[in-house]
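Here's a quick briefing to read alongside the coordinates. Have the sequence open too, and we'll go residue by residue.

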Amino acid sequence: MNSELKRIIATVFIAAFLLTGCDIGGSSSGGDQVEESVSGDMLPAEFVGVYVGTISARLEASGISESETYEITITVNADGTIKFDGDDPDETFTVGIANDGTFSGNLRIDEDDVTGVLGVTGRVDGTTASGDVVGEGEFDTGIITIDIDVTGTFTATKQ
C-alpha cells in the first residue's frame, strides 16, 4: 500500500479513535469478501486486452470516512484469466474470467500496520471494465486496532 493511502488511513482512524473513545466497532479481516471466479472455456477474443482506469474508494471507521481515487490496470488474457493491478506492485490478484466477461477476486493486504481483504466484482465487455469493491480490515495504531470498512467502484477503458 502506498504511503499516501497509509497516511489517509492513519488520519481517518486516529480521528475516529479520538472522537469515539474505545467504541471502535466490529469488523473482521479474516475471510474472503467475494467468491473467486473461475476461467471460462470460450472467452470472446474482443474481451482480451489491457483496460486502464481508476478505482474510487471510501474508507470508513466509526462514522468517519475518507474518499480517494487510485489508478488501476486490468489485463484480460486469452487463457481465461484476468489480472487486476492497483497502484502498488503488491496490490494485484489474478483469477479466472467467465465467458460472459464477469469476474471476482480478493486482494489480501498484509503490511506492517494494515491487514485486510478487498473483494472485487466486475465485468468487461470489450470496451470497458467496471464493477464494485467491498472490504474490511484492521489498522494497528500501535496502541489499539481500528476496524476499517471499504466500499467503492471502478471503471477502466480498453487501450
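S37 touches V95, G96, I97, F103 and S104, leaving out residues up to four places away in sequence. Keep in mind that this is a predicted model, with an average pLDDT of 81 for the protein chain. The rest is grouped by topic below.

**Around S37**
- You'll find S37 in the loop between α1 (3-20) and β1 (49-61).
- S37 counts as buried because its relative accessibility is 18%, and the cut-off for buried is under 20%.
- A polar atom of the S37 side chain sits 2.4 Å from the backbone oxygen of G96.

- T81 is in strand β3, and it's buried, with a relative accessible area of 18%.
- The side chains of T81 and D79 are joined by a polar contact of 2.6 Å.
- Not counting residues up to four places away in sequence, T81 touches S39, T75, V76, T94, V95, G96 and I97.
- K83 also has its place in strand β3, but at 34% relative accessibility K83 counts as partly exposed.
- Setting aside neighbours within four places in sequence, K83 is in contact with T73, I74, T75, T92, F93 and T94.
- K83 and V95 are 12 residues apart along the chain, and their C-alpha atoms are separated by 6.7 Å.

**Aromatic rings**
- There are three aromatic pairs in the structure.
- One of them is F84 with F93: the ring centres are 5.4 Å apart and the planes are at 10°, so this pair is stacked.
- Both partners are buried, F84 at 6% relative accessibility and F93 at 8%.
- F103 and F154 have ring centres 6.2 Å apart and planes at 45°, so that pair is tilted.
- The F103–F154 pair links distant parts of the chain, 51 residues apart: F103 is in strand β5 (residues 102-110) and F154 in strand β8 (residues 145-158).
- F103 is buried at 3% relative accessible area, and F154 is buried at 3%.
- Ring pairs link F84, F93, F103 and F154 into a cluster.

- A pLDDT of at least 70 is reached by 81% of the residues.

Definitions and conventions:
Residues numbered from 1 in each chain as written. Predicted model: local features only at pLDDT ≥ 70, side-chain atom pairs only at ≥ 80, totals over all residues. Heavy atoms only, no water. Helix = DSSP H or I, 4+ residues; strand = E, 2+ residues; numbered from the N terminus. Buried < 20%, exposed > 50% of the residue type's maximum accessible area, 1.4 Å probe, protein only. Polar contact = N/O pair within 3.5 Å; in protein donor to acceptor, adjacent residues only side chain to side chain. Contact = heavy atoms within 4.5 Å. pLDDT = per-residue confidence, 0-100. Phe/Tyr/Trp six-rings, centres within 6.5 Å; stacked < 30°, edge-to-face > 60°.
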